[in-house]
Amino acid sequence: MKAKFVHVNIIASDWRKLTEFYIRVFGCEPVPPERNLSGEWLEKGTGIHRAEIQGIHLRLPGYGNKGPTLEIFQYSKNKKRNDTSVNGEGIGHIAFQVDSIEKFKNEILKKGGTLIGETVTLHVKGAGTISFLYLTDPEGNIIELQRWE
């Protein structure tokens with residue numbers, strides 16, 4: 001039995017704006033075509049009556065043309081998020097290894113993200129030294145920036 005990681009999905013309130021954020025801040029690249037999905041097959045697959053989705057896949061940086069994607073979709077009828085917290089149940093965050101936490105932090109804040117915590121650096125025995133910081137994208141999805149030495 002084998003498995004291969006393919007993508008992570010974010011449901012956005014404005015998929016075009018959120019897509020631009022990930023392109024500009026992290027250098028993600030669009031993987032055409034844009035999706036405009038609906039039909040009985042989608043209703044059956046999602047369990048949502050009259051489901052309609054728009055969005056796109058973005059190639060994540062650092063893995064080339066065959067790497068995993070960030071799928072940013074918007075339903076015609078999204079359900080609102082109740083809470084954003086690092087310890088919330090479900091998928092907690094998406095992490096990016098960066099060359100400068102401070103540089104990316106400033107860019108995220110400039111593009112509408114928010115700061116959650118502060119930068120922490122610690123030595124992990126047998127792995128090295130990591131610095132990390134939690135922020136959100138403009139829609140409240142949690143991003144971890146990390147730098148290993």
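Strands here (E, at least two residues) and helices (H or I, at least four residues) are DSSP runs, numbered from the N terminus. P33, for example, is found in strand β2. Keep in mind that this is a predicted model, in which local features need pLDDT of at least 70, side-chain atom pairs count only at pLDDT 80 or more, and totals for chains, interfaces and linings use all residues. Residues are numbered from 1 along each chain as its sequence is written, and side-chain values use heavy atoms, with hydrogens and water left out.

**Whole chain**

You will find 3 helices and 9 strands, following the pattern β-α-β-α-β-β-β-α-β-β-β-β along the sequence. Of the 149 residues, 34% count as buried (under 20% relative accessible area; exposed is over 50% and partly exposed lies in between, with a 1.4 Å probe and protein chains only).

**The four-stranded sheet**

Next, select β1, β2, β3 and β4. They form an open sheet with the order β1-β4-β3-β2 and mixed pairing, where two strands pair if DSSP finds at least two bridges between them. β1 and β2 (29-38) stand at the edges with a single partner strand each, so one side of each is left without a neighbour in the sheet. From one strand to the next, the twist averages 20° (axes are lines fitted to C-alpha atoms, and angles run from 0 to 180 degrees between N-to-C directions).

Now zoom in on β3. Here 6 of the 8 residues are buried, so β3 is largely enclosed by the rest of the structure. On one hand, β2 and β3 run antiparallel and are joined by 7 bridges; S38 has E52 in β3 as its bridge partner. On the other, β3 (residues 52-59) pairs with β4 (residues 69-75) in the antiparallel sense over 7 bridges. Click I53 to find its bridge partner Y75 in β4, then H57, which stands opposite E71 in β4.

**Two backbone stops**

Then move to R50, in the loop between α2 (40-46) and β3. R50 has a positive phi of about 55° although it is not a glycine, and it is exposed, with a relative accessible area of 59%.

**The largest pocket**

Select N9, I10, R81, I91 and N141, which lie nearest the centre of the largest pocket among its 39 lining residues. A pocket is an open set of points on a 1 Å grid over the protein atoms alone, where a 1.4 Å probe fits, with protein on both sides within 12 Å along at least five of seven lines; lining residues have an atom within 4 Å of a point. The space in this pocket is about 1,200 Å³, a volume being the space filled by probe spheres set on the points. β1 (7-11) and β5 (94-97) each supply at least two residues of the lining.

**A buried isoleucine**

Finish at I143, in strand β9 (residues 142-148). Is I143 buried or exposed? At 0% relative accessibility, I143 counts as buried. Leaving aside neighbours within four places in sequence, its contacts include F21, Y22, F26, H93, I94 and F96 (contact means heavy atoms within 4.5 Å).
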